[in-house]
Amino acid sequence: MREVPLLILGAGPAGLAAAAEAARQGITALLLDENPAPGGQVHRAVGGFYRPEPGAPGADQAAEGLALIEAAAASGTEARYGATLWAIQEDGVVSWSEGGQAQQALASVLLLCPGATERPMPIPGWTLPGVMGVGAAQILMKTAGLLPEGKTWLAGQGPLLWLYAAQLLDKGVRPAGIVDLSPAGIPWRALPHLPLALRAPGYLLKGLDWMRRLRRAGIPVIRAREVAALGRERLTGISIDGKEMEADLLLLHDGVVPNTQVTRALPGCAHEWDSAQMCFRPVLDAWGNTSLDGLLVAGDGGGIGGARAAALSGRIAALEAARWLGRITVEQRDALAGPLLHRRSAELAPRGLLDALYPPLPMARVADDTVVCRCEEITAGRVRAAVRLGAQGPNQIKAFLRAGMGPCQGRVCGPAVHALMAEARGVAPESLEPLRTRFPTKPVTVGEIAALAEG
């Protein structure tokens, strides 16, 4: 079995920046990512198929992503793409599949940069063909140039909703409209965060520019409380607070949450409730250390902060890995990381305002006949009924209904089921134990595992 000083999971902003920084510190690292190319979700296909024109919505972000990709490639770090990690043992042995073959490596330090996933937005009819997430639609645009046709509606809330709508408009596609489900006006709880957010006004100005482009183009923006997808075999229309409109495609978005699938599978890796983003995240210190020695997390997988903050977190965590490996002293780490910590603090300044402006949509609005677990076709009503029968939390609901036990293993439905059970029980969400995961966290064949034993 090969041994590596540092293994980095994820080639998004955090992982790419960490790989380049590790190389600068003389560390031989191994970078794994299950996608066919670097970039993660936010920088997917940057430098390849996705090349926005200067000044286009998202163009500056793409330029930053290309710089990260090029820096990681120039660092000489060994990068394995199409490599799906599925297990981490307590002794540091990491198992992954690549090209149908299982492989292993013993890592002295592990740096996890798993990124974020879209928060599920269960509405009536969201399982119909013709309904998908805004993030998925953006991936299709970046990787294959696929753009919506016909009457396309966007519904939900958050910056990505407005960015993608502006990107469509820039490419000559006029959305039929935007259904804004965010709280009306500026909530009083958001105002205290405004002074701090103005430390990084670029984020706010970008968002206002996307909104201005859409309104200037005459794209309808409808503030609403409820939206539903209509149709039998596929989407044919939508209902906005009871008013029906024709639709060929409905794109949903309610923000993103940290991807904790791997960290929750590691015994002893502590997690905490993020009351602003209404999700669990691993407990981290300023350097990215978890509660387990030699295990670090960087980027949105440790708390949503955006691409720039993720890249800075990756560099900071790489310096901490160098300290773990004895390549630099604590004093050297502090001196090198000082400017990075300051810049990261500035990049995170708008988070409080954004979290207050776009709180997750309440589960109380989800009707009993709405599916919340798509894999097992479990409705909100069945979850509420299981709570009345005594199910205490997401890990018990698996035994009652199999919610969270389908192919997604709770990646999609987990946050929705957790929030729904807290609402049904009338308790604080943080009082419920998060959905436990176990290795293997991704599908692996018996043959691959057997081959490892034979090796």
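This briefing describes selected features of the structure shown above. The structure is a predicted model. A search of the whole structure finds one cavity of 30 Å³ or more, and the second largest pocket has a volume of about 610 Å³. The structure also holds one aromatic pair, and a cis peptide bond joins F439 and P440.

**The largest cavity**

- Rolling a probe the size of a water molecule over the atoms shows where empty space is left.
- The volume of the largest cavity is about 40 Å³.
- Its lining is formed by V42, H43, V46, Y50, G58, Q61, A62, Q138, K142, L163 and Q167.
- At least two residues of this lining come from each of helix 2 (59-74), helix 3 (134-144) and helix 4 (159-170).
- By class, five residues of the lining are nonpolar, five are polar and one is charged.

**The second largest pocket**

- The second largest pocket, with a volume of about 610 Å³, is lined by 33 residues, of which R119, M278, P415, A416 and H418 are the closest to its centre.
- Two or more residues of the lining are given by each of strand 16 (256-258), strand 18 (279-282) and helix 12 (414-425).
- Helix 12 gives the most to this lining, with seven residues.
- The lining of the second largest pocket comprises 21 nonpolar, seven polar and five charged residues.

**Aromatic rings and charges over rings**

- A pair of aromatic rings is described by the distance of the centres and the angle of the planes.
- The structure holds one such pair. The ring centres of W273 and F280 are 4.9 Å apart and the ring planes stand at 70°, so the pair is edge-to-face; the cut-off for this class is an angle over 60 degrees.
- W273 and F280 are both buried.
- Over the face of Y203 lies R308, at 5.8 Å from the ring centre.
- Over the face of W287 lies R333, at 3.7 Å from the ring centre.

- S97 belongs to strand 5 (residues 93-98).
- The relative accessibility of S97 is 11%, so S97 counts as buried, the cut-off being under 20%.

**Backbone features**

- The peptide bond that joins F439 and P440 is cis, with omega about 0°.
- P440 is located in the loop between helix 12 and helix 13 (446-454).
- M278, a residue other than glycine, has a positive phi, near 55°. M278 lies in the loop between strand 17 (271-274) and strand 18. With a relative accessible area of 34%, M278 is partly exposed. M278 is also among the residues closest to the centre of the second largest pocket.
- E377, again a residue other than glycine, has a positive phi near 55°. E377 lies in the loop between strand 20 (371-373) and strand 21 (378-379). The relative accessible area of E377 is 60%, so E377 is exposed; the cut-off for exposed is over 50%.

Technical notes. Residues are numbered from 1 along each chain as its sequence is written. This is a predicted model: local features need pLDDT of at least 70, side-chain atom pairs count only at pLDDT 80 or more; totals for chains, interfaces and linings use all residues. Side-chain values use heavy atoms; hydrogens and water are left out. On a 1 Å grid over the protein atoms alone, a cavity is a set of points where a 1.4 Å probe fits but cannot get out, and a pocket is an open set with protein on both sides within 12 Å along at least five of seven lines; lining residues have an atom within 4 Å of a point. Grid points are joined across faces, edges and corners, and a volume is the space filled by probe spheres set on the points. Helices (H or I, at least four residues) and strands (E, at least two) are DSSP runs, numbered from the N terminus. Ala, Val, Leu, Ile, Met, Phe, Trp, Tyr, Cys and Pro count as nonpolar, Asp, Glu, Lys and Arg as charged, and the others, Gly among them, as polar. Rings of Phe, Tyr and Trp (its six-membered ring) pair if their centres lie within 6.5 Å; planes under 30 degrees apart count as stacked, over 60 as edge-to-face and the rest as tilted. Buried means under 20% relative accessible area, exposed over 50%, partly exposed in between (1.4 Å probe, protein chains only). A charge sits over a ring if NZ of Lys or CZ of Arg is within 6 Å of the ring centre and within 35 degrees of the ring normal.
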